[in-house]
Amino acid sequence: MSLAKRYLFYFAQDLLEFRRPEFESILRIFNINEIEVNRDELKPYWLIKCNEQDAVNIASRSVLLRMVFEVWSSGVSYEDFHSNLRSYQVEEKYKTDSFKFKVESFNRHLRHHEKITKIESMNYLPLEGDIKLIDPAHKFIYFEYYGLDTVNIPEVPEEIFMGRLISKGSRDMINSISLKTRKFIGNTSMSPELSILMANQGLC
């Protein structure tokens, strides 16, 4: 099987010590073996080569995962990123369907006009379908990573990524079993997030 496609797994930046154990447990749950993982334990994202259905399956169980998107382009500078994106061969099925863009950033807040500027900088993409903010056929993610130093935040991102959203993680489950919604809390009641993590690591 070819692992030609690369996916960015974007995690919530908490409970870092559980990230790898939960991920490895989910691989066992779905019996996923054909996968290549390039990760930095401190960064909020991993770059993974696998097939799309495996990526969707992992997201369906991971409570620490925010989203997964198929990487169309990446770069360590704006010039590098746009050069790679211009050379990307967009499949025909994405050219005419409706779509929307979402801009994400880590370690730096981007104002609304900055997000618009970044989206418009990719206007050379051959996307001719309607822009549809509610329920589009495809959602595209533009992501800038500004490192981990919260004091000396760089003016330009350390890495830039863009791609097609594949799936969101399962963090909504945290709210669905929130302690605030329970009629009774006993001595053994625990954090909803930790309880889901335990279920995943128990291969439930």
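Colleague: Why is H82 called buried?

Modeller: Its relative accessible area is 15%, and buried means under 20%, with exposed over 50% and partly exposed in between, using a 1.4 Å probe and protein chains only. So H82 counts as buried. Bear in mind that this is a predicted model, where local features need pLDDT of at least 70, side-chain atom pairs count only at pLDDT 80 or more, and totals for chains, interfaces and linings use all residues. Residues are numbered from 1 along each chain as its sequence is written, and side-chain values use heavy atoms, leaving out hydrogens and water.

Colleague: Where does H82 lie, and what does H82 touch?

Modeller: H82 lies in helix α3, residues 78-86. Leaving aside residues up to four places away in sequence, H82 touches S121, M122 and Y124, where contact means heavy atoms within 4.5 Å.

Colleague: What makes α1 oblique to α6?

Modeller: The axes of α1 (residues 19-29) and α6 (residues 192-201) cross at roughly 45 degrees and come within 8 Å. Under 35 degrees is roughly parallel, over 145 roughly antiparallel, 65 to 115 roughly perpendicular, and the rest oblique, so α1 is oblique to α6.

Colleague: Which residues meet there?

Modeller: P21, E22, S25, I26 and I29 in α1 meet L197, N200 and Q201 in α6.

Colleague: How do you know that β5 and β6 pair?

Modeller: Pairing takes at least two bridges found by DSSP between two strands, and eight bridges join β5 (residues 99-106) to β6 (residues 138-145). In β6, I141 is the bridge partner of K102.

How values were computed
Helices (H or I, at least four residues) and strands (E, at least two) are DSSP runs, numbered from the N terminus. Axes are lines fitted to C-alpha atoms, for helices over the stretch in contact, and angles run from 0 to 180 degrees between N-to-C directions.
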